[in-house]
Amino acid sequence: MPIYVYETIPAKAGEKPVQFELQQSMRDEALKTHPETGQPVRRLISGGFGYLDKGKSHSGHDHGHCCGGSCGCH
């Protein structure tokens, strides 16, 4: 199951958001409130592990572990 990053939505000007992680199924809806405090939250977009292309790049070179040239392996 993936781990999602959430952030509280500050109620007052100058209040800092608090980030936390939560392991959820991809089928679960995003949280709307913090599970402990009830404060409104939003789910953040964060980096993942990406995608590695183990075949040939667009130039026809077989790079094995390369990601199609975007990693600078040409």
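Predicted model: local features only at pLDDT ≥ 70, side-chain atom pairs only at ≥ 80, totals over all residues.
Two strands count as paired if DSSP finds at least two bridges between them.

The model holds an open sheet of three strands in the order β2-β1-β3, with antiparallel pairing. Strands β2 (19–23) and β3 (41–44) stand at the edges, and each has a single partner strand, so one side of each is left without a neighbour in the sheet. From one strand to the next, the twist averages 35°. Strands of a sheet pair through backbone hydrogen bonds, in a parallel or an antiparallel sense.

**How the strands are joined**

Strand β1 covers residues 3–8 and pairs with β2 over five bridges, in the antiparallel sense. Four bridges join β1 to β3, and these two strands also run antiparallel. Individual bridge partners are listed below.

| Residue | Bridge partner | Strand of the partner |
|---|---|---|
| valine 5 | glutamate 21 | β2 |
| glutamate 7 | arginine 42 | β3 |

**Burial and the aromatic pair**

Is β1 mostly covered or mostly open? Strand β1 is mostly covered, as five of its six residues are buried. Tyrosine 6 is buried, with a relative accessible area of 0%.

How many aromatic pairs does the model contain? The count comes to one aromatic pair. Tyrosine 6 and phenylalanine 20 form this pair, and their rings are 5.6 Å apart, centre to centre, with 15° between the planes. The pair is stacked, because planes under 30 degrees apart count as stacked. Tyrosine 6 lies in strand β1 and phenylalanine 20 in strand β2, so that the pair links distant parts of the chain, 14 residues apart.

Why does phenylalanine 20 count as buried? Its relative accessibility is 16%, and buried means under 20% relative accessible area.

**A charge over a ring**

Another side-chain contact involves tyrosine 4 and arginine 43. The charged end of arginine 43 sits over the ring of tyrosine 4, at 4.2 Å from the centre of that ring.

In a regular strand, the side chains alternate between the two faces of the sheet.

Key: Residues numbered from 1 in each chain as written. Heavy atoms only, no water. Axes fitted to C-alpha atoms, helices over the stretch in contact; angles between N-to-C directions. Buried < 20%, exposed > 50% of the residue type's maximum accessible area, 1.4 Å probe, protein only. Phe/Tyr/Trp six-rings, centres within 6.5 Å; stacked < 30°, edge-to-face > 60°. Lys NZ or Arg CZ within 6 Å of the ring centre and 35° of its normal.
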